[in-house]
Amino acid sequence: MVSQVVAEEKPQQLLSKKAGCNSHGQDSSYFLGWQEYEKNPFDPVSNPSGIIQMGLAENQLSFDLLEEWLEKNPDALGLRREGGASVFRELALFQDYHGLPAFKNALARFMSEQRGYRVVFDPSNIVLTAGATSANEALMFCLADHGDAFLIPTPYYPGFDRDLKWRTGAEIVPVHCTSTNGFRVTRAALDDAYRRAQKRRLRVKGVLITNPSNPLGTTVRRDDLEMLVEFVAAKGIHLISDEIYAGTAFAEPGFVSALEVVAERGDDDDVADRVHVVYSLSKDLGLPGFRVGAIYSSNAAVVSAATKMSSFGLVSSQTQYLLAALLGDKDFTRSYVAENKRRIKERHNQLVDGLREIGIGCLPSNAGLFCWVDMSHLMRSRSFAGEMELWKKVVFEVGLNISPGSSCHCREPGWFRVCFANMSAKTLDVAMQRLRAFVESTNGGAGALRRATVPTRSISCPLAIKWALRLTPSTADRKAER
């Protein structure tokens, strides 16, 4: 009788509540677009009518620079010292989860270089993790208990709903930002989010930002960072600054780290122990498959706890050995950073110019591997239902996987994140040709396309002009790059 009951029990009832819950976020349109792409991926030869992946923020623009370095430094890839002696056996053995000192030293120097040495990173304050996903989750485990909340400005990276909440039990309270000021975070918006959290009886433990912003592609201004640091100081909470796109800033205003603002407040300010930075080599070096992330904190208790947690997601010893050699080559990293930024800027301009020619505008941006694109004028209704209808057409009919703003918790329908650095220039041209054909059919032909104007709802006119002058490269600059 007992065996019969066990046999009749549903398989999912044998799993834990965590395994059976639906809070992972995999059903978000952000991930659903990926699934459709994987069913029918574009290939210029074997599948020219397939879906072009524009929803993946990968940097594939500078692989040739990395491959050239590897050819010139075969010992690093072959796990040998400069003299030719193999280090295979010592790397194959169990390694302490603190990480290889040579790699942590090289990573600290590279992070300092990315910030113009305005901030100098101490290797002893670095915790290595298997990518930024692990770093952000580890910080949640360190700083928040089940049911505690972090405030995050919108729009934000859709993966945070998974990374920060799924296993930790933490909550996200959106800080609603709007297009009227280019989606900059304000003190009023922070105060509003804090009050909403209190009404829900949530204990707010901190604020998390991405700088440069994902999905906006903009660096956070210094005065906005000062306001954020002042806010967390006043509330006695933490600030996590996810800076994985730090090395992609290609135009003014340049990248400013949260640690720069903290340093300017002086050594007597205890807020320094509550500001933590997340970094990885996935975006700046284009190595997401290597799974190299890091937490940087001046808080000894956070470093200690996060280091223990990192044992669940270590960076392999051979990866650390190879990258210690690569990042330790100062001449290479200096030239790589400069050339990589130039290529990102060039590809960014290709997308922005292509969209402008078919009457589609973007939020002016100066960093990242994507643009925040306003396609609201192509929707049949100015609503989130209209946004999803347009998104489905773009994915299934046009053959472009882009990320709808609603997946990023944007409150204004019609915005989309469009990535540009994970494809060739020719593939981006194909994407623009497809989009042009769609816009022409939507607007009633080429005549309507010529009459179309770039939407300006995103920013007020004076601010738009100011941003355009600051961020848009001159004609001479573009000719020089070509």
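Arg342 and Glu339 join their side chains in a salt bridge, 3.0 Å from N to O. A salt bridge here is a side-chain nitrogen of Lys or Arg within 4 Å of a carboxyl oxygen of Asp or Glu. The model is predicted: local features need pLDDT of at least 70, side-chain atom pairs count only at pLDDT 80 or more, and totals for chains, interfaces and linings use all residues. Residues are numbered from 1 along each chain as its sequence is written, and side-chain values use heavy atoms, with hydrogens and water left out.

Both residues sit in helix α15 (residues 330–357), 3 residues apart, so about one helical turn separates them. Helices (H or I, at least four residues) and strands (E, at least two) are DSSP runs, numbered from the N terminus. Arg342 is partly exposed, at 31% relative accessibility. Glu339 is partly exposed too, at 22%. Shared partners link Asp64, Glu339, Arg342, Arg343 and Glu346 into one network of salt bridges.

Asp148 forms a salt bridge with Arg203; their closest N and O atoms are 2.8 Å apart. Asp148 lies in the loop between α8 (131–143) and β3 (149–153), and Arg203 in the loop between α10 (187–199) and β5 (204–210), so the pair ties together parts 55 residues apart in sequence.

Asp148 is buried, with 5% relative accessible area. Arg203 is partly exposed, at 46%. Buried means under 20% relative accessible area, exposed over 50%, partly exposed in between (1.4 Å probe, protein chains only).

## The whole protein

The protein has 20 helices and 13 strands. Of its 482 residues, 55% are buried. The whole structure holds 28 salt bridges.
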